[in-house]
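Subject: Structure handover

Hello,

My notes on two parts of it follow below.

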Amino acid sequence: MTATATSLTRRIMGLPREAWVICAGMFVNKFGGFLNVFLVLYLTYRGYSAFLAGLALGAVGFGGFLGNAVGGSVADLIGRRWTIVASMFGTAVFTLLVPLADTIGAIVALSLAVGFLAQLYRPAAGAILVDTVPARDLIAAVSLLRLAMNLGMAIGGVVGGLLSVLSYTYLFVGNAVTCLLFGLLVLALLPETRPAPAEHAGAVRGGYRTVFRDRAMMLYLLSMTAATYVYTQTIATLPLHVRNEGLGNEFYGLLLGVNALLIVLLELPLVRFTERRPPRYVIAAGVILLGAGVALTGVADER
(Lines give C-alpha, C1' and ligand atoms only; values in the text may rest on other atoms or scores of the structure.)
Protein backbone atom coordinates (compact mmCIF):
# COMPACT_ATOMS: atom_id res chain seq x y z
CA MET A 1 0.00 0.00 0.00
CA THR A 2 1.41 3.39 -0.98
CA ALA A 3 2.06 6.17 1.51
CA THR A 4 -0.77 8.22 -0.06
CA ALA A 5 -3.21 5.31 0.25
CA THR A 6 -2.18 4.72 3.86
CA SER A 7 -2.61 8.42 4.63
CA LEU A 8 -6.12 8.53 3.14
CA THR A 9 -7.18 5.37 5.00
CA ARG A 10 -5.81 6.78 8.26
CA ARG A 11 -7.65 10.06 7.73
CA ILE A 12 -10.92 8.20 7.06
CA MET A 13 -10.56 6.08 10.17
CA GLY A 14 -9.83 9.19 12.23
CA LEU A 15 -12.97 11.08 11.18
CA PRO A 16 -15.23 12.29 14.02
CA ARG A 17 -18.38 10.44 15.03
CA GLU A 18 -20.64 13.01 13.38
CA ALA A 19 -19.14 12.22 9.98
CA TRP A 20 -19.66 8.49 10.48
CA VAL A 21 -23.30 9.05 11.53
CA ILE A 22 -23.97 11.11 8.38
CA CYS A 23 -22.30 8.47 6.21
CA ALA A 24 -24.22 5.64 7.88
CA GLY A 25 -27.46 7.54 7.36
CA MET A 26 -26.62 8.15 3.70
CA PHE A 27 -25.93 4.44 3.25
CA VAL A 28 -29.35 3.55 4.66
CA ASN A 29 -31.03 6.31 2.66
CA LYS A 30 -29.45 5.33 -0.66
CA PHE A 31 -30.11 1.65 -0.02
CA GLY A 32 -33.83 2.41 0.11
CA GLY A 33 -33.91 5.22 -2.46
CA PHE A 34 -36.23 3.28 -4.74
CA LEU A 35 -38.69 5.99 -5.75
CA ASN A 36 -36.36 7.96 -8.04
CA VAL A 37 -34.92 4.85 -9.63
CA PHE A 38 -38.12 2.92 -10.31
CA LEU A 39 -40.66 5.75 -10.66
CA VAL A 40 -40.69 5.68 -14.47
CA LEU A 41 -41.15 1.90 -14.55
CA TYR A 42 -43.87 2.11 -11.90
CA LEU A 43 -45.89 4.76 -13.73
CA THR A 44 -45.63 3.11 -17.14
CA TYR A 45 -46.69 -0.13 -15.43
CA ARG A 46 -49.79 1.73 -14.22
CA GLY A 47 -50.55 2.70 -17.80
CA TYR A 48 -49.22 6.25 -17.95
CA SER A 49 -47.23 7.32 -20.99
CA ALA A 50 -43.46 7.69 -20.93
CA PHE A 51 -43.97 11.46 -21.21
CA LEU A 52 -46.16 11.61 -18.08
CA ALA A 53 -43.77 9.30 -16.23
CA GLY A 54 -40.92 11.61 -17.23
CA LEU A 55 -42.97 14.58 -16.04
CA ALA A 56 -43.31 13.03 -12.61
CA LEU A 57 -39.60 12.24 -12.51
CA GLY A 58 -38.91 15.83 -13.55
CA ALA A 59 -41.08 16.99 -10.64
CA VAL A 60 -38.88 14.97 -8.29
CA GLY A 61 -35.80 16.64 -9.74
CA PHE A 62 -37.27 20.14 -9.59
CA GLY A 63 -38.40 19.54 -6.03
CA GLY A 64 -34.86 18.44 -5.20
CA PHE A 65 -33.52 21.65 -6.72
CA LEU A 66 -35.83 23.70 -4.50
CA GLY A 67 -34.99 21.60 -1.45
CA ASN A 68 -31.27 22.13 -1.92
CA ALA A 69 -31.82 25.85 -2.51
CA VAL A 70 -33.70 26.47 0.75
CA GLY A 71 -32.20 23.70 2.88
CA GLY A 72 -29.40 25.92 4.13
CA SER A 73 -31.82 28.60 5.30
CA VAL A 74 -33.98 25.99 7.02
CA ALA A 75 -30.90 24.57 8.77
CA ASP A 76 -29.97 28.06 9.98
CA LEU A 77 -33.53 28.54 11.26
CA ILE A 78 -34.22 25.25 13.06
CA GLY A 79 -30.75 23.67 13.25
CA ARG A 80 -28.85 21.13 11.18
CA ARG A 81 -30.02 18.10 13.18
CA TRP A 82 -33.72 18.94 13.09
CA THR A 83 -33.57 19.80 9.39
CA ILE A 84 -32.33 16.29 8.62
CA VAL A 85 -34.99 14.74 10.85
CA ALA A 86 -37.80 16.81 9.30
CA SER A 87 -36.49 16.04 5.81
CA MET A 88 -36.40 12.28 6.35
CA PHE A 89 -39.69 11.96 8.24
CA GLY A 90 -41.47 14.18 5.72
CA THR A 91 -40.05 12.20 2.81
CA ALA A 92 -41.30 8.97 4.40
CA VAL A 93 -44.86 10.28 4.70
CA PHE A 94 -45.13 11.65 1.18
CA THR A 95 -43.46 8.60 -0.35
CA LEU A 96 -46.15 6.38 1.16
CA LEU A 97 -48.83 8.61 -0.38
CA VAL A 98 -47.56 8.24 -3.96
CA PRO A 99 -49.01 4.75 -4.65
CA LEU A 100 -52.33 5.87 -3.14
CA ALA A 101 -52.75 8.74 -5.63
CA ASP A 102 -55.18 7.98 -8.46
CA THR A 103 -54.49 10.85 -10.88
CA ILE A 104 -51.31 11.93 -12.63
CA GLY A 105 -51.76 15.44 -11.26
CA ALA A 106 -51.71 14.15 -7.69
CA ILE A 107 -48.73 11.91 -8.45
CA VAL A 108 -46.77 14.82 -9.92
CA ALA A 109 -47.62 17.01 -6.91
CA LEU A 110 -46.57 14.30 -4.47
CA SER A 111 -43.40 13.64 -6.48
CA LEU A 112 -42.56 17.34 -6.23
CA ALA A 113 -43.04 17.20 -2.45
CA VAL A 114 -40.93 14.04 -2.16
CA GLY A 115 -38.13 15.59 -4.21
CA PHE A 116 -38.21 18.75 -2.12
CA LEU A 117 -38.18 16.99 1.24
CA ALA A 118 -35.71 14.30 0.18
CA GLN A 119 -33.07 16.94 -0.65
CA LEU A 120 -33.86 19.42 2.12
CA TYR A 121 -31.32 17.77 4.41
CA ARG A 122 -28.37 18.00 1.99
CA PRO A 123 -27.06 21.47 3.01
CA ALA A 124 -27.48 20.56 6.69
CA ALA A 125 -25.56 17.30 6.27
CA GLY A 126 -22.82 19.10 4.37
CA ALA A 127 -22.67 21.80 7.03
CA ILE A 128 -22.24 19.15 9.75
CA LEU A 129 -19.24 17.74 7.90
CA VAL A 130 -17.74 21.21 7.55
CA ASP A 131 -18.49 22.00 11.21
CA THR A 132 -16.91 18.85 12.61
CA VAL A 133 -14.24 17.69 10.15
CA PRO A 134 -10.91 19.55 9.99
CA ALA A 135 -10.32 21.16 6.60
CA ARG A 136 -7.35 18.88 5.91
CA ASP A 137 -9.63 15.81 6.22
CA LEU A 138 -12.59 17.01 4.12
CA ILE A 139 -11.47 14.98 1.08
CA ALA A 140 -11.37 11.89 3.28
CA ALA A 141 -14.84 12.69 4.64
CA VAL A 142 -16.31 13.19 1.16
CA SER A 143 -14.65 9.96 0.00
CA LEU A 144 -16.26 8.04 2.86
CA LEU A 145 -19.61 9.73 2.19
CA ARG A 146 -19.56 8.75 -1.48
CA LEU A 147 -18.43 5.24 -0.59
CA ALA A 148 -21.42 4.87 1.75
CA MET A 149 -23.83 6.31 -0.84
CA ASN A 150 -22.64 4.08 -3.64
CA LEU A 151 -22.48 0.96 -1.49
CA GLY A 152 -26.08 1.62 -0.48
CA MET A 153 -27.05 2.10 -4.13
CA ALA A 154 -25.19 -1.07 -5.15
CA ILE A 155 -27.12 -3.24 -2.72
CA GLY A 156 -30.34 -1.26 -2.95
CA GLY A 157 -30.50 -1.39 -6.75
CA VAL A 158 -30.43 -5.18 -6.77
CA VAL A 159 -32.90 -5.46 -3.87
CA GLY A 160 -35.21 -2.89 -5.47
CA GLY A 161 -35.27 -4.76 -8.76
CA LEU A 162 -36.26 -7.97 -6.99
CA LEU A 163 -38.90 -6.24 -4.84
CA SER A 164 -40.48 -4.57 -7.87
CA VAL A 165 -41.06 -7.99 -9.44
CA LEU A 166 -43.10 -8.96 -6.37
CA SER A 167 -44.92 -5.65 -5.91
CA TYR A 168 -44.14 -2.00 -6.50
CA THR A 169 -45.78 -1.26 -3.15
CA TYR A 170 -42.79 -2.85 -1.42
CA LEU A 171 -40.56 -0.22 -3.03
CA PHE A 172 -42.50 2.69 -1.57
CA VAL A 173 -42.72 1.08 1.86
CA GLY A 174 -39.00 0.24 1.79
CA ASN A 175 -38.13 3.78 0.74
CA ALA A 176 -40.20 5.21 3.60
CA VAL A 177 -38.71 2.83 6.17
CA THR A 178 -35.13 3.71 5.26
CA CYS A 179 -35.93 7.43 5.49
CA LEU A 180 -37.35 6.87 8.97
CA LEU A 181 -34.23 4.92 9.94
CA PHE A 182 -31.99 7.80 8.82
CA GLY A 183 -34.07 10.24 10.84
CA LEU A 184 -34.02 8.03 13.95
CA LEU A 185 -30.26 7.53 13.57
CA VAL A 186 -29.74 11.29 13.59
CA LEU A 187 -32.07 11.74 16.58
CA ALA A 188 -30.26 9.07 18.58
CA LEU A 189 -26.61 9.73 17.73
CA LEU A 190 -26.11 13.17 16.24
CA PRO A 191 -25.89 16.26 18.45
CA GLU A 192 -26.59 19.71 17.05
CA THR A 193 -23.49 21.36 15.60
CA ARG A 194 -22.40 24.90 14.97
CA PRO A 195 -19.56 26.30 12.84
CA ALA A 196 -16.13 26.17 14.46
CA PRO A 197 -14.99 29.83 14.52
CA ALA A 198 -11.27 29.08 14.55
CA GLU A 199 -11.55 26.72 11.61
CA HIS A 200 -13.88 28.76 9.43
CA ALA A 201 -13.40 32.35 10.52
CA GLY A 202 -12.19 33.27 7.05
CA ALA A 203 -15.19 31.82 5.25
CA VAL A 204 -16.66 34.13 2.62
CA ARG A 205 -20.20 35.28 3.34
CA GLY A 206 -22.74 36.86 1.06
CA GLY A 207 -25.07 34.03 0.04
CA TYR A 208 -26.00 33.34 -3.56
CA ARG A 209 -24.85 36.78 -4.73
CA THR A 210 -21.29 35.73 -3.99
CA VAL A 211 -21.78 32.53 -5.96
CA PHE A 212 -23.33 34.30 -8.97
CA ARG A 213 -20.39 36.71 -9.16
CA ASP A 214 -17.90 33.83 -9.23
CA ARG A 215 -17.30 33.10 -12.94
CA ALA A 216 -15.45 29.84 -12.30
CA MET A 217 -18.27 28.58 -10.07
CA MET A 218 -20.92 29.49 -12.62
CA LEU A 219 -19.03 27.64 -15.38
CA TYR A 220 -18.69 24.66 -13.06
CA LEU A 221 -22.42 24.69 -12.28
CA LEU A 222 -23.24 24.93 -15.99
CA SER A 223 -21.07 21.91 -16.75
CA MET A 224 -22.61 19.97 -13.84
CA THR A 225 -26.10 20.81 -15.11
CA ALA A 226 -25.21 19.29 -18.48
CA ALA A 227 -23.61 16.26 -16.84
CA THR A 228 -26.61 15.73 -14.57
CA TYR A 229 -28.93 15.84 -17.59
CA VAL A 230 -26.92 13.02 -19.13
CA TYR A 231 -26.70 11.00 -15.91
CA THR A 232 -30.44 11.34 -15.31
CA GLN A 233 -31.04 9.26 -18.41
CA THR A 234 -29.94 6.23 -16.38
CA ILE A 235 -33.17 6.53 -14.36
CA ALA A 236 -35.39 8.19 -16.98
CA THR A 237 -34.86 6.45 -20.32
CA LEU A 238 -32.53 3.55 -19.51
CA PRO A 239 -35.22 1.56 -17.64
CA LEU A 240 -37.54 1.92 -20.65
CA HIS A 241 -34.71 0.85 -22.96
CA VAL A 242 -34.10 -2.21 -20.78
CA ARG A 243 -37.81 -3.08 -20.89
CA ASN A 244 -37.95 -2.59 -24.68
CA GLU A 245 -35.08 -5.06 -25.00
CA GLY A 246 -37.27 -7.66 -23.29
CA LEU A 247 -35.41 -7.60 -19.97
CA GLY A 248 -37.07 -7.39 -16.56
CA ASN A 249 -36.92 -4.98 -13.64
CA GLU A 250 -34.52 -7.26 -11.80
CA PHE A 251 -32.01 -6.87 -14.65
CA TYR A 252 -32.31 -3.09 -14.48
CA GLY A 253 -31.73 -3.26 -10.72
CA LEU A 254 -28.69 -5.44 -11.37
CA LEU A 255 -27.31 -2.83 -13.79
CA LEU A 256 -27.67 -0.16 -11.12
CA GLY A 257 -26.01 -2.42 -8.59
CA VAL A 258 -23.07 -3.19 -10.87
CA ASN A 259 -22.66 0.52 -11.64
CA ALA A 260 -22.57 1.46 -7.96
CA LEU A 261 -20.34 -1.52 -7.08
CA LEU A 262 -17.75 -0.41 -9.64
CA ILE A 263 -17.77 3.01 -8.03
CA VAL A 264 -17.28 1.44 -4.60
CA LEU A 265 -14.31 -0.59 -5.83
CA LEU A 266 -12.64 2.11 -7.91
CA GLU A 267 -13.46 5.45 -6.30
CA LEU A 268 -11.01 5.42 -3.39
CA PRO A 269 -8.06 4.31 -5.56
CA LEU A 270 -9.02 7.02 -8.06
CA VAL A 271 -9.22 9.62 -5.29
CA ARG A 272 -5.70 8.69 -4.23
CA PHE A 273 -4.58 9.13 -7.84
CA THR A 274 -6.47 12.34 -8.61
CA GLU A 275 -6.38 14.34 -5.38
CA ARG A 276 -3.01 15.83 -6.35
CA ARG A 277 -4.04 16.51 -9.98
CA PRO A 278 -5.57 19.78 -11.24
CA PRO A 279 -9.30 19.53 -10.40
CA ARG A 280 -10.54 20.97 -13.70
CA TYR A 281 -8.81 18.26 -15.71
CA VAL A 282 -10.14 15.55 -13.41
CA ILE A 283 -13.69 16.95 -13.71
CA ALA A 284 -13.41 17.23 -17.50
CA ALA A 285 -12.21 13.64 -17.84
CA GLY A 286 -15.03 12.39 -15.61
CA VAL A 287 -17.73 14.23 -17.56
CA ILE A 288 -16.36 12.99 -20.91
CA LEU A 289 -16.32 9.39 -19.66
CA LEU A 290 -19.87 9.79 -18.32
CA GLY A 291 -21.14 10.95 -21.70
CA ALA A 292 -19.34 8.16 -23.51
CA GLY A 293 -20.69 5.53 -21.14
CA VAL A 294 -24.31 6.64 -21.45
CA ALA A 295 -23.98 6.88 -25.25
CA LEU A 296 -22.62 3.34 -25.49
CA THR A 297 -25.50 2.08 -23.32
CA GLY A 298 -27.90 3.42 -25.95
CA VAL A 299 -26.49 1.20 -28.69
CA ALA A 300 -26.24 -1.93 -26.57
CA ASP A 301 -28.68 -4.83 -26.89
CA GLU A 302 -29.18 -8.17 -25.21
CA ARG A 303 -27.10 -10.15 -27.69
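The axes of helix α8 (residues 138–166) and helix α9 (residues 168–189) cross at roughly 135° and come within 5 Å. α8 is therefore oblique to α9, since the oblique class takes in what is left between roughly perpendicular, 65 to 115, and roughly antiparallel, over 145 degrees. Keep in mind that this is a predicted model.

Which residues of α8 and α9 meet? From α8 they are Gly 160, Leu 163, Ser 164 and Leu 166. From α9 they are Tyr 168, Tyr 170 and Leu 171. By class, this contact has five nonpolar and two polar residues, with no charged ones.

Next, helix α14, residues 249–274. Its 26 residues should span 38 Å at 1.5 Å a residue; the end C-alpha atoms lie 35 Å apart, which agrees.

The buried residues of α14 are Asn 249, Tyr 252, Gly 253, Leu 256, Gly 257, Ala 260, Val 264, Glu 267, Leu 268 and Val 271.

Leu 255 also lies in α14. Why does Leu 255 count as partly exposed? Its relative accessibility is 34%, and the partly exposed class runs between the buried cut-off of 20% and the exposed cut-off of 50%. The C-alpha atom of Leu 255 is 8.0 Å from that of Val 158, although 97 residues separate the two along the chain.

Best wishes

How values were computed
Residues are numbered from 1 along each chain as its sequence is written. This is a predicted model: local features need pLDDT of at least 70, side-chain atom pairs count only at pLDDT 80 or more; totals for chains, interfaces and linings use all residues. Side-chain values use heavy atoms; hydrogens and water are left out. Axes are lines fitted to C-alpha atoms, for helices over the stretch in contact, and angles run from 0 to 180 degrees between N-to-C directions. Helices (H or I, at least four residues) and strands (E, at least two) are DSSP runs, numbered from the N terminus. Angles under 35 degrees count as roughly parallel, over 145 as roughly antiparallel, 65 to 115 as roughly perpendicular and the rest as oblique. Contact means heavy atoms within 4.5 Å. Ala, Val, Leu, Ile, Met, Phe, Trp, Tyr, Cys and Pro count as nonpolar, Asp, Glu, Lys and Arg as charged, and the others, Gly among them, as polar. Buried means under 20% relative accessible area, exposed over 50%, partly exposed in between (1.4 Å probe, protein chains only). The expected span of a helix is 1.5 Å times one less than its number of residues.
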